Amino acid sequence: MPASLVQGDSLLAVNIGAANTRAVLFDVVEGEYRLLASASAPSTVEAPFQDVSAGVCNAINDLQTVTGRTLLNADRRLITPTQLDGSGVDAFVSTLSAGPALKIAVVGLLDDVSLESALRLAEMTYSRVVDSVGLNNHRKADQQIDTLLRLQPDIVIITGGMDGGASRSVHKMLEPVGLASYLLPQEKRPAVLFAGNQKLDDEVKGLLSNVTSSLCFSPNVRPSLETEDLEPAARELANIFLGVRQRQLKGLDVIANWADGSVLPTAYAQDRMVRFLSQIYAGGKGLLSVDIGASAAVVAAGFGQRSTLGVYPQFGLGENLPALLQYATLEDILRWCSLDISSGVLRDYIYQKALYPSSISAGKEEQAIAQAVTRQALYLAVQTARRNFPRSLRAPRPGLLPSFEPILASGGALSDAPTEGQSLLLLLDAIQPTGLTTIILDKNDLLPLLGAAAARNSILPVQVLESGAFLSLGTVVSVVASASYGSLVARARLTYDDGHEAQAEIKYGSLELLPLANNQSAKLTLQPSHGADVGFGPGRSGAVRVSGGAMGVVIDGRGRPLVLPDDPVRRRELIKKWLWTVGG
Amino acid sequence: MMLAPVHHILGLTTILRERVLPINGRVNARLNQKVSPSDVVAEANWAREHVLLDVGRALNLSPNAADRLIRCKTGERVSTGAVIATGPGMMGKTVTAPRDGRVVITGGGQVLIEVGESRMELRAGIPGNVVQIIPDRGVMIQTAGALIQGVWGNGRVDTGILTNLAEQPDSVLTGGRLDVSLRGAVIIAGQCKDADTLQAAAELPVRGLILASLFPSLLAVAREMRYPIILTDGFGSMPMNSSAYRLLTTNVKREATINAEALDRYRGGRPEIIIPLPVSSEPAPPQEVATFAAGQTVWMRRPPAAGMIGTITALRPGLTTLPSGLRAQAADIKLENGEQVLVPLINLEVVG
């Protein structure tokens, strides 16, 4: 494999999800990198296959069929670099989200300082926090030891102490971790990430290096009381994640070998691209990326130099699906449903789906349930992620999302929806954006793959992004208003380049579409009524150049927050009406 | 060509199961030993409770000074009240062991003692012969008989005589049918719809309960029961699939081991019922992976026809648009009642 991709051309990228493995081929076409083809196959992480690489090879095999290009040799090994006969590929990268949520124990000092940062750090990967210990924890040291022995965390994150600050308290927190690790059998010892007072690095090494499966250090996540910097620790956590997964998942070492050791957690790679893109898409608004899959819901947001990342296995649509019921009632989920479904049927669906995460809805009723579940899960993920957005961001009203531009969305539940209208409506219901925004659907789960590729080839992601590999669903105007159902909240006029116009009156509670194809743009003039906010401020009119997409320009006058009628019959009729408006 | 997972419902097969401790220990069983499900094949010491004595703090000394006064050594057994360290001076304070235990490690002015129950026993779980010893961890046990996989279990294991209370695959078990004659039995039932019936079974007690399905609202109760409960088909109100029903009911009065371990999708552990049968030669082991093909018997994971058995009549080429609007590889399936359904391949398991 070439050391630098300046000489190499083609790149094969594979995303290993819990349900599906996707292989994507990029190559140079007319001097620029392009997405050539994409193929997917069911993942083989789980029994009876229990070999990650089998699903990867199956996906690459399908890619071979699609492209007519030989990528694997007779032994089902990747051919690199590209051969004279055109077979093979120059580079390979991979991302991974499959596998059980990692068990993480966090240890810090103050609950609302270092411990809170440790918890936010744990939330940046596919994990569940099984234990949390701070100075205020009333458990004695031997009780902490016994808890760690019982829980057997995969990773322990230790934070605490500002740089240059006191160290004795941190030392006290380290002891139970060291003793518990000492007592555990070698193969069950946790990996430890120390992200606290850097003065203690040597002491931590002395205490823990011989009793952990791996010991990693990163700069302090809280170098001072007012400063939090999670990114360096998140990078270390991504490395640790791969190490743990290689022990857990057979066949991953083969894939890591093909990728020269760099298999990234999918969410981490997604966040990398979000940070990159948020610096390109300037203009005062943040950029939002959401992904909803079997392993987890992922929400990454970029705000110029800063980004936030939340990975929520509890909102994944696969084996963890019953956990959703700890955060939402069956009625919360059913309110999104266009069909009359009983709570018993919904509960049965949730548990049966969790048994078979890769299974799909064959009938209309199950699909309606699946989309209702997806809405609720994504809604909760976005609301949870909102806690970590910069406080300086202003939303049109308290409790609403700040305006983002654009919003990128991915995940099988969205990309494989029967119509693009259904994908868009699901996103509008779950995210409830405000102001003006472009919604882009990443049908091939490219974003994290580009994030993984960026480390090897910084040109490829830029060129692929500009090539139209993502599907724009269109420009969405979300009207924020206090109005009664059916009253006029705004008027919209779309003026095309050839001078024609399309107009709409937006009533409260309705969705209106104005046609504007992909690769077209037009001038959109918006005039609110009665103090409504159409993106320019309460009661302010404005005009803006907008881009088209699969659904054109969509004006969402249903209100923010979206409040559905209590009466179930009326509610279902309204949902059906909205579905019909977006094409069914 | 899509790989297919296999759902085991087999009248006669060779069953090989690994039984291992979670940590290193001692293997008691011998190679070729015949074992019954309750036999202990391996054991280990694993203390779950510890006491950390901070001698330095107790005696108001530095860690180094405290270390010099600690009397016990690593590995030593101590009794309640045993003196661990005595402070300096004529009336020096003493630090004593609060409970019986074993000293794990000393240092830094502290003593860590493991206390409480520490013996972990690994039982065979199935009847058979030990065909392989895994040093320090466990054994592989082989047997021949019928194998029926389930989809959910409450984590218990037991053995008993199979008794059928399901006149039909969807019969509902009620508490009134459970009488003392069923004590010690492994009961085949279609469905159970209330917690009282589960409790009544526990009070007999039974040795196991095989259900087709259970409402998710009863899972917490089922987990509390001390006898194994297995679901063969799923959640809600599903009848038992015909293959499992036939196989179980034709083996009534035989001894069956019901291993209701939780589904472990990463290690392959799955709840199952094993009915040992006499054989003259070793039958073929089950296949774990197949490729979908016309003529195969399949089990449906999700609607339509969830939990039912059918035969693939045709594999459709390419992607098919399903009634849900999704596009996927699919097959035409003929159910046992003659009905034809269209099912995505990802929702199927080959029965074998």
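Residues are numbered from 1 along each chain as its sequence is written, while chains are lettered from A and ligands numbered from 1 in the order in which they are written. Because the model is predicted, local features need pLDDT of at least 70 and side-chain atom pairs count only at pLDDT 80 or more, whereas totals for chains, interfaces and linings use all residues.

Chain A is divided into domain 1 (11-96), domain 2 (102-247) and domain 3 (268-311 + 392-581), the bounds in each case coming from an automatic or database domain assignment. The centres of domain 2 of chain A and domain 3 of chain A, taken over C-alpha atoms, are separated by 38 Å. The contact between them takes six residues from domain 2 of chain A and six residues from domain 3 of chain A, where two residues are in contact if their C-beta atoms, placed from the backbone, lie within 7 Å. On the side of domain 2 of chain A that touches domain 3 of chain A there are four nonpolar, one polar and one charged residues; in this classification Ala, Val, Leu, Ile, Met, Phe, Trp, Tyr, Cys and Pro count as nonpolar, Asp, Glu, Lys and Arg as charged, and the others, Gly among them, as polar.

Chain B is likewise divided, into domain 1 (3-43 + 122-276), domain 2 (49-115) and domain 3 (292-351). The C-alpha centres of domain 1 of chain B and domain 3 of chain B lie 28 Å apart, and 13 residues of domain 1 of chain B are in contact with eleven residues of domain 3 of chain B. At least two residues of the domain 1 side are supplied by each of β1, β21 and α5 of chain B; such helices (H or I, at least four residues) and strands (E, at least two) are DSSP runs, numbered from the N terminus. The most is given by β1(B), with four residues, and by class the side of domain 1 of chain B that touches domain 3 of chain B has seven nonpolar, five polar and one charged residues.

The contact between the two chains takes 38 residues from chain B and 36 residues from chain A. On the side of chain B that touches chain A, the elements that give two or more residues are β1 (3-7), β6 (49-54), β10 (101-107), β21 (229-235) and β30 (340-344) of chain B. Of these, β6(B) gives the most, with four residues, and the residues of this side of chain B divide into 23 nonpolar, eight polar and seven charged.

Within chain B, strand β5 (residues 40-45) pairs in the antiparallel sense with strand β3 (residues 26-27) over two bridges, two strands being paired if DSSP finds at least two bridges between them. In this pairing, B:Glu43 of β5(B) is the bridge partner of B:Arg26. Strand β5(B) is also joined by five bridges to strand β12 (residues 119-123) of chain B, and these two run antiparallel; here the bridge partner of B:Val40 is B:Arg123 in β12(B).

In chain A, the axes of helix α14 (residues 446-454) and helix α15 (residues 459-466) come within 8 Å and cross at roughly 150°, the axes being lines fitted to C-alpha atoms, for helices over the stretch in contact, with angles that run from 0 to 180 degrees between N-to-C directions. The helices α14(A) and α15(A) are therefore roughly antiparallel to each other, since angles under 35 degrees count as roughly parallel, over 145 as roughly antiparallel, 65 to 115 as roughly perpendicular and the rest as oblique. Their contact is made by A:Leu446, A:Leu450, A:Ala453 and A:Ala454 of α14(A) together with A:Leu460, A:Pro461 and A:Val464 of α15(A), and by class it has seven nonpolar, no polar and no charged residues.

Some backbone features complete the description. A cis peptide bond, with omega about -5°, joins A:Thr80 and A:Pro81, and A:Pro81 lies in the loop between α1 (52-67) and β4 (91-96) of chain A. A:Arg76, which lies in the loop between α1 and β4 of chain A, has a phi near 60°, a positive value in a residue other than glycine.
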